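Let's walk through this model together, one piece at a time. Have the sequence and the coordinates open as you read.

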Amino acid sequence: YQITDQFIFRCGVESLKKVKSLVAPTKLETMPFKDIATVLENYLQPRKRLVIAEQTKFVAITQKNGESSGDFLARLREAARFCEFANLKTVADPEAHKTGLLVS
């Protein structure tokens with residue numbers, strides 16, 4: 001609990017408010033630091049994106065009026081980062097992939 005006390009002391013007012021809201025209803029002062037660290041790590045981890053939603057957004061992208069080809073390509077590349085298109089190449093039957101019935 002000494003580490004917890006040091007953390008609270010050095011945290012800063014705004015950060016302390018945020019951490020307290022993350023651990024509520026538990027009182028921050030009563031938590032071991034390893035539990036606080038776990039809560040913070042879970043909060044700061046990037047969220048897993050829903051791949052089918054990212055693919056749907058990608059397909060809907062169109063070039064805007066006056067947008068250069070380079071800018072359009074950059075937007076497509078950025079959107080494709082989360083689509084996992086490479087995984088589609090390894091599927092033997094695309095219809096089975098859509099339904100979740102993968103063929104080995």
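This is a predicted model: local features need pLDDT of at least 70, side-chain atom pairs count only at pLDDT 80 or more; totals for chains, interfaces and linings use all residues.

**Starting at the first helix**

Residues are numbered from 1 along each chain as its sequence is written, and side-chain values use heavy atoms, with hydrogens and water left out.

What's the overall layout? Helices (H or I, at least four residues) and strands (E, at least two) are DSSP runs, numbered from the N terminus. Buried residues make up 21% of the 104 residues. Of the contacts between residues at least 6 apart in sequence, 42% join residues at least 24 apart; a contact means heavy atoms within 4.5 Å.

Take α3 to begin with. Helix α1 (residues 2-11) and helix α3 (residues 33-44) pack at an angle of about 50 degrees, their axes 8 Å apart. Axes are lines fitted to C-alpha atoms, for helices over the stretch in contact, and the angles run from 0 to 180 degrees between N-to-C directions. The two helices are therefore oblique to each other, given that angles under 35 degrees count as roughly parallel, over 145 as roughly antiparallel, 65 to 115 as roughly perpendicular and the rest as oblique. Ile-3, Thr-4 and Phe-7 of α1 make this contact with Phe-33, Ile-36 and Leu-40 of α3. By class that's five nonpolar, one polar and no charged. Nonpolar covers Ala, Val, Leu, Ile, Met, Phe, Trp, Tyr, Cys and Pro, charged covers Asp, Glu, Lys and Arg, and the others, Gly among them, are polar.

Now for α2 (residues 13-23). Its angle to α1 is about 130 degrees, with the axes 7 Å apart, and the pair is therefore oblique. From α1, Phe-7, Ile-8 and Cys-11 meet Ser-15, Leu-16 and Val-19 of α2, a contact with five nonpolar, one polar and no charged residues. Between the two helices, α1 is followed by Gly-12, whose phi is positive, near 95 degrees.

How do α2 and α3 sit against each other? They pack at about 95 degrees with axes 10 Å apart, and are therefore roughly perpendicular. Lys-18, Val-19, Leu-22 and Val-23 in α2 meet Ile-36, Val-39, Leu-40 and Tyr-43 in α3: seven nonpolar, no polar and one charged. In the loop between α2 and α3 you'll spot Pro-25, and the peptide bond from Ala-24 to Pro-25 is cis, with omega near 10 degrees.

**Further along the chain**

Next up is α5 (residues 69-80). At 1.5 Å a residue, its 12 residues should span 16 Å, and the end C-alpha atoms are 16 Å apart, which agrees; the expected span is 1.5 Å times one less than the number of residues. Phe-72, Leu-76 and Ala-79 are buried in α5. They cover an arc of only 65 degrees around the axis, which puts them on the same side of the helix. Their cover includes α4 (51-59).

Glu-54 lies in α4 and is buried, at a relative accessible area of 10%. Not counting residues up to four places away, Glu-54 touches Arg-49, Phe-82 and Cys-83. Gln-55, also found in α4, is buried at 15%.

Technical notes: Buried means under 20% relative accessible area, exposed over 50%, partly exposed in between (1.4 Å probe, protein chains only). The arc is that of the directions from the helix axis to the C-beta atoms.
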